[in-house]
Amino acid sequence: MSRVAGEVQVSSWRFLLCLAFLLVLAVALIGRLAMLQLLDVEQGQQFLQSQGDARTVRYAQIPAHRGAILDRSGQPLAVSTPVLTLSLNPQQFDVSNLDTLARLLTLDAKELKQRFQQYQDRQFMYVKKHVTPEQAAPVLASGMPGLVAQRDYKRFYPAADLTAQLIGLTGDSDTGLSGLELAFDHVLSGTPGRKKYIKDRSGKAIRDVGIESTAADGRDVRLSIDLRLQYVQYRALQSVVARSEAMGASAITIDSHTGEILAVSNYPSFNPNDRSTFSASAARNRVFVDQYEPGSTFKALTAVAALETGRYSADTVFETSPGWMVVQGKTFKDPVDYGQLTLAGVLAKSSQIGTTKLALDIGRDSLLPVLQRFGVGQPLGTGFPGETAGMLPQQSRWSDIEQATLAFGYGVTVSPAQLAAFYGAIANYGRLQPLTLVATAEANMPPAMPVTTPAIASELRAMLGAVTGKGGTGILANVPGFSVAGKTGTVHKAGAGGYDRKRYIAWFAGMAPADNPRFVTVVMVNEPKGESVGGGAIAAPVFADMTAAMLRILGESPNQQSPVIQLAAAAQALAGESSDG
């Protein structure tokens, strides 16, 4: 009997202890509630509000409008258009609506269902990005629970393939990925804003609470590019690639007085509005980022070095007979024995023998400073992403063969844009004006750097004018009604075993009007095929077509009687063109 009484006492003790604990807990909770509601009203409200907000209040980013890229006259080259990004909450979305959603958005229903299964345990899934408001309207009108639309922007390129490699691309987040979209991203990109809203149980926004920070739109960028000239240039490249079955072609036109780049094109290109056609190779802006041996177009700089010695002039005579010579075991040849040629004739005929003799006479100490002053082997500083500096040999001594080959454009590399800058300095009376892709008021132009004297630049322009005269290798570069000066170039491409005798790059670098030069254009055709692959036969006519249209568009008046070019004379000149001319 005593044993049972002891058990009852222990059980009663345990019961009372538990009851006391529960009472204390209840008092504590009631006290905390009273403190939150009565004693510390502000703190209590904040606590309860924060708990409610955590379940219903959300924050959304307000996208900033990306600035436009415009040509020099204000024509749009890249603009942002409003679109919608559709997403859904798989836990709130009715799976039976997937077929309807796929049909309205022209999506693959099977693929959409597979993605839905992968995300069904999550609360977010992208449905489709960059949906136009017109396409999204019937979807949003259907009122599908769990479907969310967020405002966004999509980049559109009105000029499409004409400016694709220059303007570049943006990514899904509307930030620059390549080209000028990347170069000017800090200017074009705005600062997103932030707003607060309240959502219901299905995830739909039911009320905007307010804007915490407004979006700051990006700024527009006005380029130096003239879209009219860009069109002319691009179509001319397209035509020459089709005619010559070339791998590709590039061109650039600059205003030598201001340094503004007026047009820069590459073909083939791609349509940036259709990413399905994107090609990494076609997206390269080869005018800025690729480097090539310039061939005989480089002879103009060699002529500057010769004129600066004071021992040469345009009338200095060279003996080029018998049409070949050997330098350190290597034989250099002209296509024919030109006999005696003046320095102007050496450029006009693009004589390798005359250039070799000139280079060996003036030597490295005369040539290297000129090349450095013109900026060979140095970046242009345009700001274009991936811009190449080219390559200039810097060894303290050059062998005779290195001096000879460098003088006619082998063993050194430049980009088409660099070559345009060099010829721009010749056109601009010996002053190298930094190139720019931004429209520049004359008052804001950076100072030009003198690289040779005005007298030497003028004398060289006259010699380059002879290149496009009768018997010159650039006769097909002539533009009716205008004087033209320039230089042809034909380069054997380097391969695994040395220079390939069947693969060429054809160049023409020229300026017009030659008697008052301002506009400089460089044309490069990569691996043309056929019987005539030289710069005079392939690149010079492209220069003529481009320049004739450009001068007409720019309102330049003809300043001389159009030269009469007979087909026989042209054929004779091309037959005598140097294989490296």
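**Figure 1. Crossing of helices H15 and H16 in the predicted model.** The axes of helix H15 (residues 416-427) and helix H16 (residues 454-467) approach within 8 Å and cross at roughly 110 degrees; axes are lines fitted to C-alpha atoms, for helices over the stretch in contact, and angles run from 0 to 180 degrees between N-to-C directions. H15 and H16 are therefore roughly perpendicular to each other (65 to 115 degrees; under 35 counts as roughly parallel, over 145 as roughly antiparallel and the rest as oblique). Tyr423, Ile426 and Ala427 of H15 meet Ala457, Leu460, Arg461 and Leu464 of H16 in this contact (heavy atoms within 4.5 Å). Its residues comprise six nonpolar, no polar and one charged; Ala, Val, Leu, Ile, Met, Phe, Trp, Tyr, Cys and Pro count as nonpolar, Asp, Glu, Lys and Arg as charged, and the others, Gly among them, as polar. Helices (H or I, at least four residues) and strands (E, at least two) are DSSP runs, numbered from the N terminus.

Residues are numbered from 1 along each chain as its sequence is written. Because the model is predicted, local features need pLDDT of at least 70 and side-chain atom pairs count only at pLDDT 80 or more, whereas totals for chains, interfaces and linings use all residues; side-chain values use heavy atoms, with hydrogens and water left out.

**Figure 2. Packing of helix H9 against helix H17.** Helix H9 (residues 227-244) and helix H17 (residues 535-553) have axes that come within 10 Å and cross at roughly 155 degrees. The two helices, H9 and H17, are therefore roughly antiparallel to each other. The contact involves Arg228, Leu229, Val232, Gln233, Ala236, Leu237, Val240, Arg243 and Ser244 of H9, together with Ile538, Val542, Met546, Ala549, Met550 and Ile553 of H17. Eleven of the residues in the contact of H9 with H17 are nonpolar, two polar and two charged.

Figure 3. Glutamine 403 is buried, with a relative accessible area of 11% (buried means under 20%, exposed over 50%, partly exposed in between; 1.4 Å probe, protein chains only). Residues up to four places away in sequence aside, glutamine 403 touches Ala359, Gly363, Arg364 and Trp398.

**Figure 4. Hairpin of strands E12 and E13.** Strand E12 (residues 324-327) pairs with strand E13 (residues 330-333) in the antiparallel sense over four bridges; pairing requires at least two DSSP bridges between the strands. Tryptophan 324 has lysine 333 of E13 as its bridge partner. Two residues lie between E12 and E13, and glutamine 328 in the turn has a positive phi of about 50 degrees.
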